[in-house]
Amino acid sequence: MRAEIETIVDEIKQGITLLRRHLDWDRAKRRLLELNALSETPTFWDDPQKAQKLMRERQNLEDGIKAVEASERDLADNLELIELGEAEGDASIVAEAEKAIFALKDEVRRRQINSMLSGEADGNDTYVEVHAGAGGTESQDWANMLLRMYTRWAERTGKKVELLEVHDGEEAGIKSATILVKGEQSYGWLKTESGVHRLVRISPYDSSARRHTSFASIWVYPVVDDSIDIEINESDCRIDTYRAQGAGGQHINTTDSAVRITHMPSGIVVQCQNERSQHKNRAAAWDMLRARLYEAELKRREAAAMATESTKKDIGWGHQIRSYVLQPYQLVKDLRTGVESTDPQTVLNGDLNTFMEAALAQRLGGADVEVSDID
């Protein structure tokens, strides 16, 4: 067997191992048997909402198990064909089996991505918050660049974006902003982007053309749908209204239509100003608060909470998840996975899937990579 095929076979086996690990193979098979037996009981549909949730869990487990078993079977069958073709000197059989193995590699990769996007809220729409770090205009401009980057990513992937609130900087850029990204698996793709992002460039605001380092943070949390019950005591919340800023016509700038809700026990603050009506902004802010509290609960239940921990730290040196260097050289480097790009402009124009896939794969594999930052 050719060395190239041996390498691909090893990659396929590693991919299948990761799929098994993600499923928690033995537990998944036991749970599927339990759900099959439970679905056949006479009282199963007495509680339709609970039954539908269990049926979705059953379907996900069944699909995951079948995908692994199909991959293992296809690999074994094609390796057997290669062995048979080589023994009989039939190059056509070998070539056909090798072609199938190349295709299987892509299929296992696709199944890995699907498994990485199978979390409880991964299919939901998502909120993305951008916050400038210390540094005034430099960081505020960087925050605005990140807002544009995620908006461009959404557009490139066929998703819709709504701007919920924005606080402009004094001279340029933004202090903070929140967008709503709508589309298939929006939260699943964006969830690993939470953290501090670092920019190194020659400042356009420095007359001496010196190199500056700027920081901004991203926080991603899923939209909560009606099937998820999040209880909030209104007595635990402080509601403030204020005059919205930015574009929106005369009305938005002359009434206290913007709403800010502070959840006192958790310290979570959400705000919305995109609607002309205070009533609509208040309703949207409550939805955002429910989403933030749900995201916090999801993170507590996840074994891999590294991304969230990074967002709780200062927006500054030593806490970043990704560095973007524009001068004196061109490089974007993810400090969790080691993935790099020598084309920062393309990345800043929304080409982020390579970084997202690597971060998702790291969660799936459960292995940390020691990566040094760039100067």
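## A walk through the chain

Residues 24 or more positions apart make up 66% of the contacts in the chain with a separation of 6 or more. Keep that in mind as you click around, and remember that this is a predicted model.

**Stop 1: the whole chain.** Colour by secondary structure and you'll have eleven helices and eleven strands to pick from. There are 375 residues in the chain, and 47% of them count as buried.

**Stop 2: the largest nonpolar core.** Hide the surface and select Leu-289 and Tyr-324. In the largest nonpolar core, which has 62 residues, these two touch the most other members. Which helix gives the most to this core? Select residues 137–156: that's helix 5, and it contributes nine residues. In soluble globular proteins, nonpolar side chains tend to be buried together. There's also a second, separate core of 23 residues; Leu-19, Ala-28, Phe-44 and Val-108 are among them.

Stop 3: Go back to Tyr-324 and show what's around it. Leaving out residues up to four places away in sequence, Tyr-324 touches several residues, including Trp-142, Leu-146, Met-149 and His-197. Next, select strand 9, residues 320–325. Is this strand mostly covered or mostly open? Mostly covered: six of its six residues are buried.

Strands 4 and 9 pair in the parallel sense over five bridges, and Leu-199 stands opposite Tyr-324 of strand 9. Strand 10 pairs with strand 9 in the antiparallel sense over four bridges, and here Val-332 stands opposite Tyr-324.

**Stop 4: Tyr-127.** For the last stop, jump to strand 1, residues 126–132, and pick out Tyr-127. Why does Tyr-127 count as buried? Because its relative accessibility is 5%, and buried means under 20%.

Pro-222 and Tyr-127 are 95 residues apart along the chain, yet their C-alpha atoms are separated by 6.1 Å. Show the other contacts too: setting aside residues up to four places away in sequence, Tyr-127 touches Leu-164, Ile-179, Leu-180, Trp-219, Val-220, Tyr-221, Pro-222, Val-223, Asp-287, Met-288 and Ala-291.

Methods: Residues are numbered from 1 along each chain as its sequence is written. This is a predicted model: local features need pLDDT of at least 70, side-chain atom pairs count only at pLDDT 80 or more; totals for chains, interfaces and linings use all residues. Side-chain values use heavy atoms; hydrogens and water are left out. Helices (H or I, at least four residues) and strands (E, at least two) are DSSP runs, numbered from the N terminus. Buried means under 20% relative accessible area, exposed over 50%, partly exposed in between (1.4 Å probe, protein chains only). Contact means heavy atoms within 4.5 Å. A nonpolar core is a set of buried Ala, Val, Leu, Ile, Met, Phe, Trp, Tyr and Cys residues joined through side-chain atoms within 4.5 Å. Two strands pair if DSSP finds at least two bridges between them.
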